[in-house]
Amino acid sequence: MLVAENEVEKKEILRRYRRLLRKAKPMLKDGDAKIIKKAFNLSLDAHKDMRRKSGEPYIYHPLAVAEICIDEIGLGTTSIVSALLHDVVEDTDYELHDIERMFGQKVAKIIDGLTKISGSFEYGTSQQAENFRKMLLTLSEDVRVILIKIADRLHNMRTLDSMMREKQLKISAETIYLYAPLAHRLGLYSIKSELEDLYLKYNDSDSYWGITRKIALTKDVRSKFIRDFIKPIKSVLNKENIEFEIKGRPKSIHSIYNKMKKQNIPFEEVYDLFAVRIIIDVPEDKEKAACWHVYSLVTDFYKPNPDRLRDWISTSKANGYESLHTTVMSNSGQWVEVQIRSRRMDEIAEMGYAAHWKYKSGDSKKSAPALDGWLNRVRDLLEQNETSALEFLDDFRSNLFNEEVFVFTPQGDLKTLAAGATALDFAFEIHTQIGANCIGAKVNHKLVPLSYKLSNGDQVEILTSQKQKPSEDWLNFVVTSKAKSKIKSVLKEGKKEIIEIGRELFFKKMKQLGIEPSPDIMVKMRSYFSLRGDKEIYYRFGNGNLELKDLKSFKKFLDKQKSSALKRFRDALGFKKEVKKIRNDNSDYLLIGEDMDKVDYVLAKCCNPIPGDDVFGFVTVNEGVKIHRTNCPNAVELMSNYGYRIVKAKWTSQMELAFLVSLRLHGTDRVGIVSDITKIISSDLKVNMRSITIDTEANYFDGQIKLYVNDTKHLSDLIQKLKKVKGIDSVTRMG
């Protein structure tokens with residue numbers, strides 16, 4: 001039987017490999033197929049005894065990643081080879097020099113960037129952040145490292161079903177935190193949307209499947225609507241002899257979910273559920289005029305919303321995206337987004353940076369200056385940045401999803417900055433020294449302060465003084481990574497001397513109090529004083545912000561912690577071992593309601609979980625285990641940066657406790673509405689209410705109620721009853 005199964009698997013592996021070669025064939029040069037075969041055979045041999053969590057042969061994964069690189073990103077032979085080998089150095093006995101010897105320096109460099117850092121990490125830092133920084137360092141030489149890593153993450157997300165729940169939460173959180181924004185910035189729209197949808201599938205499956213079902217139910221109606229909508233457009237484009245293709249597609253599940261959350265509306269009230277895309281085949285030098293011509297034809301039939309016109313043809317987005325967007329009113333009274341672009345623009349919109357390469361290497365002279373500019377800024381940030389991996393990651397992420405603002409120098413040169421950028425950001429964009437000596441600016445010939453926020457079309461002149469020096473408060477109003485990095489770098493020089501003085505003083509005081517500054521003690525101290533690192537502690541002692549009395553207070557805290565009977569842990573591994581010991585079984589989860597006397601845990605105030613909510617535990621440094629909802633606003637950051645502290649948790653079915661929740665109510669005010677609300681809460685459902693506030697303005701009210709419920713079913717019943725009260729438009733849970 002085993003032999004038969006192996007034969008079936010061998011045939012399937014061969015079938016997948018041949019499919020990969022077929023898809024790669026149009027871009028292969030002489031000798032490329034031979035190199036790909038060599039990489040496939042090496043990967044097959046290296047992973048021969050390995051299986052994925054699903055039970056499938058491991059080789060399926062590198063084959064799938066290589067296929068995504070071809071099919072969905074448009075990469076070539078070097079990337080295919082690297083994708084096939086991307087886990088070989090990390091997971092098998094092969095070393096980097098073996099790869100370099102067999103496949104050359106380019107492939108070896110890419111594999112090096114894709115290989116996770118091995119060895120130990122300082123407790124309290126994020127291994128994921130360290131890995132990500134190392135991967136980004138290769139960006140200065142080869143952007144394909146990031147593109148292959150995104151392909152790797154996409155396949156992992158597509159096959160996440162076979163993973164344990166805690167792994168699903170950690171990997172999906174990491175994906176929405178880093179990889180989806182990165183795919184967005186590199187112009188991989190389809191991949192970015194799929195990663196976001198898959199995150200929602202595992203993080204909030206009820207919302208995901210609810211929206212999926214509703215999209216499916218409206219499919220026939222939607223198809224008829226799109227047919228009717230595009231009929232007159234098709235007719236006029238044919239008359240004008242324009243070569244075109246029209247696509248109608250629903251918005252992504254995640255974008256619909258976001259709109260429902262942001263606007264606090266049900267699915268039925270999301271008016272622009274779908275977009276119509278008009279793709280025209282036209283020479284590159286005539287694209288702009290042709291797109292505006294099609295726009296005029298569309299608006300002959302449908303009235304446009306003037307506030308919803310977006311021209312990304314004249315000036316492309318920072319990720320290279322080019323398109324003309326308008327929202328028009330259909331004959332049935334529904335708003336429809338219409339996107340107009342050329343075939344070249346559509347390919348770049350779908351496949352991002354790799355498509356730019358294709359057009360750069362051909363006859364086209366058009367490049368991706370905005371995207372190239374962003375990549376250069378990332379390289380600059382990586383070369384200059386000396387902060388911790390987590391700080392670097394925060395700075396880097398803050399610029400991934402930002403929209404852009406376009407401003408001009410006095411000479412008329414266009415500069416692209418992140419939306420919200422200030423005059424000081426602009427100064428650092430021009431030159432580090434200009435930024436460091438900046439005392440103000442003239443925007444459109446008017447004097448403005450450093451913190452002035454720039455708008456599209458502003459013309460900016462920077463004023464400088466040799467006496468000016470950066471100060472710490474500058475970090476409060478700059479938004480670009482470049483400005484933050486340069487300011488920190490200048491401030492760091494001045495800090496060094498203070499840190500050395502503070503370090504000496506700190507150890508002297510610690511010795512007086514008899515505290516041994518072990519790594520564990522330092523982690524607790526950083527948490528106690530809410531500081532980022534040991535150097536920050538020394539700096540505070542050096543400038544007098546921390547003194548002996550503060551250390552005495554910390555010592556009292558340590559003594560109290562030692563005397564506590566409750567068990568605390570450093571990470572999830574320590575927690576699991578202790579729980580197994582306490583229960584004398586193989587359980588590795590926290591049972592909420594039964595383990596309170598054995599394990600120190602609390603319900604997180606940021607999301608107020610109640611029985612029925614999908615939850616996880618987070619091992620904190622000083623406050624035991626905190627229970628969060630999986631869709632808590634802080635969950636993504638905790639799971640993506642501190643996966644090693646995540647523990648499984650579930651509610652005991654025997655709990656009969658009351659949990660505090662907050663509800664927000666919106667509606668039309670009328671006499672007696674408060675009485676009707678309190679009657680349902682107190683009389684009908686026998687719920688204890690802690691507080692109620694109602695604010696009314698122009699016959700419209702906004703209310704908040706805090707009350708106690710037993711579980712999510714109890715809460716759901718209450719919400720449904722409140723929604724039936726005359727005048728109430730919406731009831732939502734807060735937090």
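Reader: Which range of relative accessible area counts as partly exposed, and how exposed is Trp-209?
Author: Buried means under 20% relative accessible area, exposed means over 50%, and partly exposed lies in between. The model here is a predicted one. Trp-209 falls in the partly exposed class, and its relative accessible area is 40%.

Reader: How many aromatic pairs are there, and of which kind is the pair of Tyr-208 and Trp-209?
Author: The count comes to 14 aromatic pairs. For Tyr-208 and Trp-209, the ring centres lie 4.9 Å apart and the planes stand at 85°. Planes over 60 degrees apart count as edge-to-face. So this pair is edge-to-face.

Reader: Is Tyr-208 buried or exposed?
Author: Tyr-208 has a relative accessibility of 12%. The cut-off for buried is under 20%. Tyr-208 therefore counts as buried.

Reader: What kind of aromatic pair do Phe-229 and Tyr-302 form?
Author: Their centres are 4.3 Å apart, with 10° between the planes. Planes under 30 degrees apart count as stacked. The pair of Phe-229 and Tyr-302 is stacked.

Reader: Where in the chain do Phe-229 and Tyr-302 lie, and how many residues apart are they?
Author: Phe-229 belongs to helix H13, residues 219–239. Tyr-302 lies in the loop between helix H15 and strand S3. The pair links distant parts of the chain, 73 residues apart.

Reader: What is the relative accessible area of Phe-229 and of Tyr-302?
Author: Phe-229 is buried, at 3%. Tyr-302 is buried as well, and its value is 3%.

Reader: Which ring does the charged end of Arg-16 sit over?
Author: The charged end of Arg-16 is 3.7 Å from the centre of that ring. The ring belongs to Tyr-60.

How values were computed. Residues are numbered from 1 along each chain as its sequence is written. This is a predicted model: local features need pLDDT of at least 70, side-chain atom pairs count only at pLDDT 80 or more; totals for chains, interfaces and linings use all residues. Side-chain values use heavy atoms; hydrogens and water are left out. Rings of Phe, Tyr and Trp (its six-membered ring) pair if their centres lie within 6.5 Å; planes under 30 degrees apart count as stacked, over 60 as edge-to-face and the rest as tilted. Buried means under 20% relative accessible area, exposed over 50%, partly exposed in between (1.4 Å probe, protein chains only). Helices (H or I, at least four residues) and strands (E, at least two) are DSSP runs, numbered from the N terminus. A charge sits over a ring if NZ of Lys or CZ of Arg is within 6 Å of the ring centre and within 35 degrees of the ring normal.
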